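Thanks for coming. I will take one chain today, going from the overall fold to single residues. Please have the viewer open.

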Amino acid sequence: NHLTNSAIGVLSAKLFGVHPFSVRIGSVLAFLVYAWGIWHIGSRVKDRVVRWCLWCALLLIPFVLDFFSMFRGYAPEMAAWILGLEMMIRFAATGAARHLIAALLCLVMATVSMVVLLPTLAVGLAVLGLLQLRSWGAIDKRERFRRAAYLLLLGALPLLLLVRWILEFKEHGMLVYGGNDSFLQVTVRSLLLLLTGSDDLWLCWSVVGLVGVCAIAAVLAFWRTRDWSAPLVLLTCFLILEVGLRVMMAAATGSNYPPDRTGMHYVPWALCCLALTIDDLVSRGWGWIRWAALPMLAFPLRTITTANLDHVLIWPEQCIPEKLVRRVLQKQADLGRPVVLGSHEQLKQCWLYAARQADLTAPFIQWERFPEGFDDLRLIDRRVVEGAAEGFELVDSATGPGLYLFRRKAPLLEHRILEFSKPPRSGRDEFYDLVDIPDSFMREALLVQLEVPATMLERSPGLGVVVEITDTLQNNLYYDNLPLS
């Protein structure tokens, strides 16, 4: 799903080693492309006040800016998407083949970076095709063939391949993020919560109202000029058609609307439409309306007021500081055995990443029964502290990410019930049984501690500990694979 970013990250890691900056360099460089596209789109706004409000808003959008510092596919997506809009506007103005090719490549690249843009690519291809038809009679037969080939090979063919790919995702149950309540409830509300800190219904309807104003302005502009290639008309029509396609897809196939990060391409899109609408009204003699662009500055203001060095706006709890890792290891040393650390499932990989960044070996997070497990320590998100901290006391916290480390008030009582050893073994077997715990021991909580000195070949496959629980009929009740290498 994040193909472009993954490819850039793998290449960068091979060249510069596995380091946070090397794997994120694709996202960092994507911001330069994004900023270049924003600058050129904004330059079409004639009024200086409106133009600078748009530039400031687009370059400092809350939560969107965070993705240009993360190893995720959203930064290349946004960069290619904005560049695609710029090339589409240029193609509408010039009709040049190079702008058509660039627009197609950028839209496809954006979709490859994030497949949620598949409907956007479909509508964009249709819009580019209609723009090409305007000048169909002005080009010779050979050029017509070339233009048709561009649209088919660089647009329709990638679209069909991506449709096939996303259908495979659906067959495997991988298209689960989002919801199909309504575009307003799923997409607009989730974006507003991250952009403003509120998802009140009146704010959602305000957005709908503003887009409606843009649509009316676009219709009037088209009525005056009979030219739908002007940026205001083009971008607004594109936006409404794209949202309309998503609504029809949700109604016909039950497909999900894109929430929060998967729908963030709508934010710069809608802001551009709004700025172009205000600019059009200013050019019609409504000079005072330029000040309606000032609320756009609320976005950079929120970005500045929420700026920090220890977490991101969308997933603060997943930014685990080194001090919490060290505190857990300190408690483990005090216990004299591996500590049982309970926490949320979504933190299990973030926890291991935080430990790796600090060059530490941390215990695995136990999440299956959280917050009801037999834990020595619990790492708790602030949103669920009240329900998960009963019987525990606070040890440490990280207020920025909103994480709290608790320890059990009454320590667990331990009784050694089984000690075992295995002879040394060498071989190529996929599995090797370390211990088979009798059923009679399965009535209480068990802490299994393994010490396995292992020598592995340099190019050997990954090593892991598999935990499996079956009933008397050999039905699988529990399975987990803890990777060790």
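When I say helix or strand, I mean a DSSP run, at least four residues of H or I for a helix and at least two of E for a strand, numbered from the N terminus. Counted that way, the protein chain has 15 helices and 7 strands. Please keep in mind that this is a predicted model.

First, the overall figures. The chain has 485 residues, and 42% of them are buried. The C-alpha trace spans about 85 × 50 × 45 Å along its principal axes. The accessible surface comes to about 27,300 Å², and carbon and sulfur atoms account for 61% of that. If we take contacts between residues at least 6 apart in sequence, 67% join residues at least 24 apart. As one example of distance, take R164 and V325. They are 161 residues apart in sequence, and their C-alpha atoms are 43 Å apart in space. R164 belongs to helix 7, residues 141–171. With a relative accessible area of 58%, R164 is exposed, because the cut-off for that class is over 50%.

The largest nonpolar core has 97 residues, and the members that touch the most others are Y34, F63, L128 and W269. Which helix gives this core its largest share? That is helix 4, residues 74–94, with 14 residues. Another core lies apart from that one; it has 20 residues, including I320, V328, A354 and A362.

Beyond its neighbours within four places in sequence, Y34 is in contact with L58, I61, F68, M78, A79, I82 and P268. F63 sits in the loop between helix 3, residues 48–59, and helix 4. Its relative accessibility is 2%, so F63 counts as buried. F63 also has a positive phi, about 70°, without being a glycine.

There is another non-glycine residue with positive phi to mention. R226 has a phi of about 55°. R226 lies in the loop between helix 9, residues 201–225, and helix 10, residues 231–253. Is R226 buried or exposed? R226 is exposed, at 52% relative accessible area.

Strand 4 pairs with strand 5 in the antiparallel sense, over 6 bridges. Within that pairing, A398 has L403 in strand 5 as its bridge partner.

S397 is also in strand 4. What is S397 in contact with, once neighbours within four places in sequence are left aside? The contacts are K323, L324, L403 and Y404. S397 has a relative accessible area of 18%, and it counts as buried because the cut-off is under 20%.

In the loop between strand 2 and strand 3, residues 377–381, we find P371. The peptide bond joining F370 and P371 is cis, with omega of about 10°.

Strand 6 and strand 7 come next. Strand 7 covers residues 476–483 and runs antiparallel to strand 6, with 7 bridges joining them. One of the facing pairs is G464 and P483, the latter in strand 7. Strand 6 and strand 7 form a hairpin with 5 residues between them, and Q474 in the turn has a positive phi of about 65°.

Last, the surface. Which residues make the nonpolar surface patch of about 600 Å²? They are I417, L418, F420, V435, L446, V448, L450 and V452. I will pick out L450, which lies in the loop between strand 5, residues 403–408, and strand 6, residues 464–470. L450 has 31% relative accessibility, so it counts as partly exposed. Patch members need over 30% relative accessible area, so L450 passes that cut-off.

That is what I have for today; comments are welcome.

Technical notes: Residues numbered from 1 in each chain as written. Predicted model: local features only at pLDDT ≥ 70, side-chain atom pairs only at ≥ 80, totals over all residues. Heavy atoms only, no water. Patch = residues over 30% accessible without salt bridge, like charges linked within 9 Å, V, L, I, M, F, W, Y side chains within 5 Å. Areas by Shrake-Rupley, 256 points an atom, 1.4 Å probe, with all protein chains shown as cover. Salt bridge = Lys/Arg side-chain N within 4 Å of Asp/Glu carboxyl O. Buried < 20%, exposed > 50% of the residue type's maximum accessible area, 1.4 Å probe, protein only. Core = buried A, V, L, I, M, F, W, Y, C linked by side-chain atoms within 4.5 Å. Contact = heavy atoms within 4.5 Å. Pairing = 2+ DSSP bridges.
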